[in-house]
Amino acid sequence: MSDNSTATAKAPRKKSGVLKRFWRSVRGPLAKSRFVRAAVVWLITQFFRLVNATNPRLPGSSDLDDMKRGGEPFIAVAWHGQHLMAPFLMPRGVRFVAMFSKSKDAELNARVAERFGVEIIRGSGGREPTKSIEKGGVRALLALKKALKDGKTAAMIADIPHGTPRDSGLGVILLAKLSGRPIIPICYTTSRRKILEKSWDKTTIPLPFGRSGLIVGDPIFVPEDADDAMLETKRVELTASLNANTARVHMLVDGKA
């Protein structure tokens, strides 16, 4: 009796490590082999297409065109770990670019995004302007500003890699100030999903054959003459909007926040 109980208790732990072992096994070859990298990226893009095709949007979800409420182009923003389906969440006809960090972990995401026709800009958002300069964030923000001026929507992740999850950095706020374009908070989830509990941002892998929900927050504008205090106020406003709408989309999909 005790032997069976022990085996049963160990099974979930073994299953939960499958994704981590897979990532460790492909990370090295992914960085070195073009063939392996291309194959993995192709498989991931096909998986996300399947997820999108088999997760119909629930009534009560926002319409994709709600993202245009503040005008076009705009700055689409989501939390880390909730951004994987972003290529499927843009209104029809919208061209957009996305900023990805220069880390190895972001490389796979960037290549998948490119397969969906997303233009990639390398950089890193920071909580403090000086950190953005050190990480090349200013160069990336200027590239995004130019893209917005050219009529392209910019997609960014609000929280800082390996920083405090669900707490926005200043990068997106600075971009809104520099460009004069609105920030559009976007929250999306599926009823069937796998949460990587040990990841710093609780990355959520959407799974096929469920339902999906989308909540688009109100546009956030940052004045051109915003001082440090105003930038911080807008950072807190964006954090609050994303967190409130994350709770709303989970209520819609799961019946609970």
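Let me start with the inside of the protein. The largest nonpolar core has 30 residues, and Ile-75, Leu-144, Ile-183 and Leu-238 touch the most other members. By nonpolar core I mean a set of buried Ala, Val, Leu, Ile, Met, Phe, Trp, Tyr and Cys residues joined through side-chain atoms within 4.5 Å. Buried means under 20% relative accessible area, exposed over 50%, and partly exposed in between, with a 1.4 Å probe and protein chains only. Strands E1 (75-78), E2 (96-100), E4 (153-157) and E5 (183-190) each supply at least two residues of this core, as do helices H6 (137-149), H7 (171-179) and H8 (228-254). Helices (H or I, at least four residues) and strands (E, at least two) are DSSP runs, numbered from the N terminus. A second, separate core has 27 residues, among them Leu-84 and Val-118.

A word on the source. This is a predicted model, where local features need pLDDT of at least 70 and side-chain atom pairs count only at pLDDT 80 or more, while totals for chains, interfaces and linings use all residues. Residues are numbered from 1 along each chain as its sequence is written, and side-chain values use heavy atoms, with hydrogens and water left out.

Now the whole chain. It has 8 helices and 8 strands, and 44% of its 257 residues count as buried.

Next, the sheet. Which order do its strands take? The order is E3-E2-E4-E1-E5-E8, in an open sheet of 6 strands with mixed pairing. Two strands pair if DSSP finds at least two bridges between them. Strands E3 (119-122) and E8 (212-216) are at the edges with a single partner strand each, so one side of each has no neighbour in the sheet. E1 and E4 run parallel, joined by 4 bridges.

Back to Ile-75. This residue stands opposite Ala-154 in E4. Leaving aside neighbours within four places in sequence, its contacts (heavy atoms within 4.5 Å) include Leu-148, Met-156, Val-172 and Ile-183.

Finally, the helices. H6 lies across E1, E2, E3 and E4, at about 145° to E4. H8 lies across E1, E5 and E8, at about 30° to E5. For these angles, axes are lines fitted to C-alpha atoms, for helices over the stretch in contact, and the angles run from 0 to 180 degrees between N-to-C directions. In H7, the buried residues include Val-172, Leu-175 and Ala-176. The buried residues of H7 pack against E1, H6, E4, E5 and H8. After H7 comes Gly-180, with a positive phi near 75°.
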